[in-house]
Amino acid sequence: MAISIPLRRLSRSFSAIASNPLRVCVVGSGPAGFYTAEKVLKKHERAEVDIIDRLPTPFGLVRSGVAPDHPETKIVTNQFSRVVQNEHCSFFGNVSLGSSISLSELRDIYDVVVLAYGAESDRVLGIPREELKGIYSAREFVWWYNGHPDCSKLDPDLKSTDTAVVLGLGNVALDVARVLLRPTMELTSTDIASHAVAALEESCIRKVYLVGRRGPVQAACTAKELREVLGIQDLYVHIDEADLVKTPADEEELKNNRIHRRVYELLSRAASSGVASGSGRRELHFVFFRKPERFLESEDQGGHVAGVRFEKTIVREELESGKQIAVGTGQFEDIECGLVLKSIGYKSVPVDGLPFDHQKGMVPNVGGRVLSDASGDEMQFEKGLYVCGWLKRGPTGIIATNLYCAEETVASITEDVEKGLFTRTSSSQQKPGREGLLQLLDSRDIRFFPFGAWEKIDQEETRRGLLKSKSREKLTEWLELLNIASA
Amino acid sequence: MFTLKLSKLGAHAIKNCLKAQLASTARTLRVPLCQNENLLPLIHQRYSTAAPDKAFQKQNEEKEKISVTFVDKDGEEKHIRVPVGMSMLEAAHENDIELEGACEGSLACSTCHVIVMDPNHYNKLEDPTDEENDMLDLAFGLTETSRLGCQIIAHPDIDGIRLALPAATRNFAVDGYKPKPH
């Protein structure tokens, strides 16, 4: 008797009998990782999702990137914490892709691996003397004041200079400028790292230059952050009115872009409301149309930065792409400073066995499905390997961007599940999932920290914070974190 | 920062209270909404009608809850009743409607973005503050009648409001970057 049953339904009924939940590993517990886990659990009720992170503390940049004076932006961790409460979801802290476990091992253990580990490195300018002391990436500086254990010893010198130059005009640039210029008293009750408060209290920095290669129309920051920095108490803000002149191309850009339009309006208003600078007052200077050409070494302090040489630029439309780009004019100008923060973009780090586009600093993919290196004319995908977040799109966007990014990646995963890509007809072909991970970590003597361990850290940080009238006193040393987590 | 928010909430509540009163008594007489809050009680007195008890009771019940319809990205509709004074975000969550609210109503995200489908209802809402506009800047699929769900507060003026949940867009970058086609 011939019964026609779609193959898909057959395999589904097999999987029901074989009790074969989809085994998923998400690498990275920031917004990309958590939104992915949440959506996988919603779409695939019996899926088992393990989230791994190299830190014992979850939440990625929500914990280590969002500025201390932006607590409302961190509220999303409540939602993320609820994801782990699902019995099908587990968190494994202190498990590092590349050192604790390799990508190929993960792919052997899980049906689906989603890489959402973000971008933990920096774009480099590639200009002379970039290695001078006193030059940091904004990422390092942000990690430092946010108590990330990798940068707790950064010890930036804020005392031997009164001027800092921040390269870049995005929100991270504004964050670091704001932390340097806000009255320190306003930061002491936040979750800022105590070592940063101490340094800021003794800081001699009074002048910050925010420098962009192009003009105010192209500035990448957004209105909220700009409004905030312009509203700092007793801060003298300087913007050259000449820089606000718009080309026809600028007008066109503003017409079509609400974000840039409102940012430009805020900058124009700030330029014309020129309040005279007073002595001892902190100053913020917006500098446009300047491209860094080289760093200048101090004559007194060997090996230390003393200034930045900039080439003046004009903005022109690039013929092929239609983009507005900065073109050098051959005229130069120096800004003296003892601290430089490069806020020119983050960059992802590749791991063994992962196809990687080194030029763009991300993983080649289509809708989150990782493209094989061997892909020629016909697209070939790495089976069961997906990406989400900055690793997939490059280091742009906001927390909410990952919401949609995760939706797209999970839609690809779901399509592949429905195509039968992960269906096993016999139990011997099933991936071990969580049990496999536990066995492997055990065999290597790697101590992982479950979500409960983070809850202990959370409790301790809150408790210590209470004693200092802070919302939280972060544990910033690896050893301390691991000790409290293990208690 | 918190006291500022509380006082804004307070001012908002007062405005809504006055508007609600005005709406119920203006059933027979169309009265233009007065900008000056001091004059509103006077207008109320001038045009209020002595309504029979039963009708007045019914008006009270209707005042308490309004009808709201959420339309999801697939076009599916869900009709709910929302007490006056509750935000649309809260109402959505109470009725298991999938409206994200990452910052839980603190004006620090744009995930509760909704599209007000009827321009008349949109116009009845108070203008968004700078803070809300800053967040709307970042909302995906922003339209002329977009608002944050946590900032739309139920009141009789918007009874029957229809709110569309924006479709997940392909272009989800915030800084104007358009992903290159493959």
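These legends describe close-up views of a predicted model.

**View 1. The two domains of chain A.** Chain A is divided into domain 1, made of residues 22-120 and 348-449, and domain 2, residues 121-346. Taken over C-alpha atoms, the centres of the two domains are 33 Å apart.

**View 2. The interface between domain 1 and domain 2 of chain A.** On the domain 1 side 18 residues are in contact with 20 residues of domain 2. About 1,600 Å² is buried between these domains, and carbon and sulfur atoms give 50% of that area. There are 11 residue pairs in polar contact across this interface. Helix α3 of chain A (residues 60-64) gives the most to the domain 1 side, with three residues. By class, the domain 1 side has nine nonpolar, four polar and five charged residues.

**View 3. Salt bridges between the domains of chain A.** The count between domain 1 and domain 2 is four salt bridges. The side chains of Lys74(A) and Asp191(A) form a salt bridge, with 2.9 Å from N to O.

**View 4. The interface between chain A and chain B.** Chain A brings 33 residues to the contact, and chain B brings 27. The area buried between the chains is about 2,700 Å², of which 57% comes from carbon and sulfur atoms.

**View 5. Polar and charged contacts between the chains.** Seven salt bridges are found across the interface of chain B and chain A. Arg227(A) and Asp130(B) meet through their side chains in a salt bridge of 3.3 Å, N to O. The interface also has 11 residue pairs in polar contact. On the side of chain B that touches chain A, helix α6 (residues 130-136) gives the most, with five residues. That side has 12 nonpolar, six polar and nine charged residues.

Terms used:
Residues are numbered from 1 along each chain as its sequence is written. Chains are lettered from A and ligands numbered from 1 in the order in which they are written. This is a predicted model: local features need pLDDT of at least 70, side-chain atom pairs count only at pLDDT 80 or more; totals for chains, interfaces and linings use all residues. Side-chain values use heavy atoms; hydrogens and water are left out. Domain bounds come from an automatic or database domain assignment. Contact means heavy atoms within 4.5 Å. Buried area is the accessible area (1.4 Å probe) that two parts lose on being put together, summed over both. A polar contact is a pair of N or O atoms within 3.5 Å; within protein, one must be able to donate a hydrogen and the other to accept it, and residues adjacent in sequence count only if both atoms are side-chain atoms. Helices (H or I, at least four residues) and strands (E, at least two) are DSSP runs, numbered from the N terminus. Ala, Val, Leu, Ile, Met, Phe, Trp, Tyr, Cys and Pro count as nonpolar, Asp, Glu, Lys and Arg as charged, and the others, Gly among them, as polar.
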